[in-house]
Amino acid sequence: MSDKGLYGGGGGSAASSTSFSSKGGHGQRGAVRIIYPTPSGQSNTTTILDRGLPTGPTWDGTGAELLMVGGGGGGGGSGRHQGGAGGGGAGAYRALSSQTLTINSAYSITIGSGGAGGAKGSTVTNGATGQSRGSDGGATTAFGYTQNGGGSGGAANTSDANARAGGSSTGTDGGSGGGAGYNGTGGTSGSLGSNGGNGDTNSPWSGGGGGGASGVGASGAAGNPNAGNGLQWAVDGNYYAGGGGGGSEGASNYGTGGTGGGGNGLGTTAYSNSLSAGAGTVNTGGGGGGAGGPGSSLGGSGGSGVVKLWIPIDGYTDYVAGTPANVSASALTYNSIAGTLLTVTDDTTLTLN
């Protein structure tokens with residue numbers, strides 16, 4: 001070869017003196033040269049340069065499937081000689097199909113936190129005070145959409161004429177409404193959820209179940225105030241945004257959490273136990289369960305929200321997550337198409353290349 005060193009050549013040596021120094025030059029990329037005969041008996045050459053390997057399969061931004069869920073509301077707390085507290089409402093549920101996202105654009109993502117469960121009241125006989133309503137769930141924002149957090153469950157109000165009422169028994173509004181405590185009114189929802197159930201004034205003095213993405217929370221009127229169920233995301237087959245079950249007085253009258261991460265309510269027979277109702281499952285937006293009497297108990301905390309993005313490209317890795325990353329990738333086939341599922345579990349930025 002007359003052009004030795006043209007391809008794959010070594011770098012130049014460094015120069016130095018008492019007055020300056022420099023780094024050596026970079027070597028050229030490697031290459032493959034193919035020498036082959038021609039019909040005239042001469043030879044010819046073809047040079048294939050190494051342009052570097054791609055980082056992964058490319059994507060044009062179309063055909064995306066999105067799931068975004070707000071944080072679940074916390075269930076209400078109870079105190080001694082109390083009826084049941086309300087379950088927390090689920091975070092708002094939004095699923096979007098066949099979306100187009102902008103390539104090389106940084107998307108800011110905020111994951112809604114789960115609301116704290118309500119505080120327990122005192123254990124003083126015929127003087128139960130201090131129990132509180134739960135806290136609302138936080139909103140999840142991503143890709144230009146906002147999913148509100150679930151409403152909180154109302155505190156257990158008293159079923160004892162000699163006892164004093166604690167915190168507010170009304171469930172708050174949210175993505176799905178929180179259930180009410182004894183004798184309270186359930187919270188209402190937006191367009192992405194359901195209302196919470198009302199509390200009751202008769203035995204077993206149950207709180208209402210929290211609303212879920214696909215159903216209202218049950219009233220405490222008949223006991224067993226179950227929460228509203230969540231919805232199944234077709235892409236991964238899992239359920240999200242179930243409400244928290246309502247609490248009740250007595251060991252067997254509490255409500256169960258809704259399908260999709262809702263926590264169970266609590267019912268007790270002991271007068272002083274410091275138990276806690278069931279918590280909503282993390283990264284489902286499930287509501288926390290309501291506490292129950294006659295013991296003094298804590299409400300269950302709501303589950304944090306989540307963002308999921310399915311990309312119709314198998315083995316897609318050409319994305320950049322911010323710091324902290326909080327993004328995981330897994331292979332997932334949907335509608336007979338091999339794709340990649342990105343799951344965001346906490347605040348970050350996400351750039352799709």
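How many bridges join strand 13 to strand 16? I looked this up, then went through the sheets.

**Ground rules.** I am working on a predicted model, where local features need pLDDT of at least 70, side-chain atom pairs count only at pLDDT 80 or more, and totals for chains, interfaces and linings use all residues. I number residues from 1 along each chain as its sequence is written, and side-chain values use heavy atoms, with hydrogens and water left out.

**Terms.** I take helices (H or I, at least four residues) and strands (E, at least two) as DSSP runs, numbered from the N terminus. I call two strands paired if DSSP finds at least two bridges between them.

**Entry one.** I found three bridges between strand 13 and strand 16 (residues 348-352). These two strands run antiparallel. I saw Val 320 opposite Thr 351 in strand 16. The open sheet here has three strands, in the order 5-16-13, with antiparallel pairing. Its edge strands are strand 5 (106-109) and strand 13 (319-321), and each pairs on one side only. Neighbouring strands are turned by 20 degrees against each other on average, direction ignored. For such angles, axes are lines fitted to C-alpha atoms (for helices over the stretch in contact), and angles run from 0 to 180 degrees between N-to-C directions.

I checked strand 3 (residues 64-69) against strand 12 (residues 306-311). They pair in the antiparallel sense over five bridges. Leu 67 stands opposite Lys 308 in strand 12.
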